[in-house]
Amino acid sequence: MHSVSLHYTLSHRDDSDTTSSNEAALLRHPLMDLLQAVDQKGSISAAARELNLSYRHVWGELKRWEDVLGHELIIWEKGQSAKLTEFGDKLMWAERQTQARLAPQLEALRADLERTFAVAFDPDAHVLTLYASHDDALPRLREHAANDGLHLDIRFCGSVDAIRALNEGRCTLAGFHTQSHPGDASHTAAAYKNLLQPGLHKIIGFATRSQGLITAAGNPLQLQNLTDVVRTQARFVQRSPGTGTRVLLDDLLRQDHIQPNALNSSAEEEPSHTALAEAIASGRGDVGLGIESTAAARSLGFVPLVREQFHLVCLKSALDTPATQALRTLLQAPTWHEVLNALPGYAAQDSGQVQSLNQQLPWWTFRRTKKAS
């Protein structure tokens, strides 16, 4: 018994073809074209002419596939038309079943590919690659921007990894978040100071959002702050190292004079706000640090702890490119502000405005060297 994989390829027929529209995109195997031609034309030579191939090629391919599949495909009898064997008929039946089942999905895929590649030929369309900390507003921005011909290729990762991706040239923009004006001795400064440089990087305002304790619905443990979390030894769901929320947590613990090991943290660390919320909703944890919108989306409890800023940062050289300019214009539009402000915990603040890196993240000092008299 032979076990054979028939490798299919996606092909596209011109609109000038007489095939119906639901056959525009087909998952085709070359053997099926040979069998169909022989079945319709009744001879190898006629099938070869139909396919614009040589007789020798068609005959050789049919024999090769008979060897591969371990079954005869064509019945050749002297003086009679060539016809398919029962096995050949069953292969053609399987082909028709496959086309009937997959044609709608393939047509949708073809249309989606055409729309995507059409962007490359549209002089008014722009594409921006953005690596960013997990955030609920960015997917809405992507959808909103697409309506204006701005296509955002968003890759979610930790804040530190996002800025590293920017510095390594893997994206045009990076998204990260901090408390307002974090001090030079903060964990925030330690995480970002060596990654961002005045004069090289430019910050673009995006939004403010509320971070706090995500709890089970109704906050059954009546947690109001991190001190309560430690006192009750509530099971604390941690975010992954390198995420902006993990950096923020370290700063909040320091401000409350709490040692990180005082938390009853679970061994499993979650990569996103959504994953953290799911862990609490499923009962695998009691509380974690996350954003208000994620808690609201899952009807969980939320206790606000801090108002933070979500920043977009790019290299100075990319600030005045058409794509970045298009994004800045969109971020300043009232229509986008309405979308953003409707999201729980979010507010538009300096959206689209270029901001001073020294003012937003005041960690650098510059001393002028006195000239010798």
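Which residues line the largest cavity? In this predicted model, a search of the whole structure finds one cavity of 30 Å³ or more, and the largest cavity has a volume of about 50 Å³. Its lining is made up of G205, F206, A207, T208, Q309, F310, H311, Q349, D350 and Q355. Strand β8 (201-215) provides the largest share of this lining, with four residues. Both β8 and β12 (301-315) supply at least two residues each.

Together with W336, F206 and F310 form one aromatic cluster. The structure as a whole holds three aromatic pairs.

Turning to the helices, α1 covers residues 30-41 and has 12 residues. From its first C-alpha to its last, α1 reaches 17 Å, close to the 16 Å expected at 1.5 Å a residue. The buried residues of α1 include L31, M32, L34 and L35, and A37 and V38 are buried as well. Just after α1 comes G42, which takes a positive phi of about 80°.

With neighbours within four places in sequence left aside, T188 is in contact with T178, P182, V247, D251 and W363.

Conventions:
Residues are numbered from 1 along each chain as its sequence is written. This is a predicted model: local features need pLDDT of at least 70, side-chain atom pairs count only at pLDDT 80 or more; totals for chains, interfaces and linings use all residues. Side-chain values use heavy atoms; hydrogens and water are left out. Contact means heavy atoms within 4.5 Å. The expected span of a helix is 1.5 Å times one less than its number of residues. Buried means under 20% relative accessible area, exposed over 50%, partly exposed in between (1.4 Å probe, protein chains only). Rings of Phe, Tyr and Trp (its six-membered ring) pair if their centres lie within 6.5 Å; planes under 30 degrees apart count as stacked, over 60 as edge-to-face and the rest as tilted. On a 1 Å grid over the protein atoms alone, a cavity is a set of points where a 1.4 Å probe fits but cannot get out, and a pocket is an open set with protein on both sides within 12 Å along at least five of seven lines; lining residues have an atom within 4 Å of a point. Grid points are joined across faces, edges and corners, and a volume is the space filled by probe spheres set on the points.
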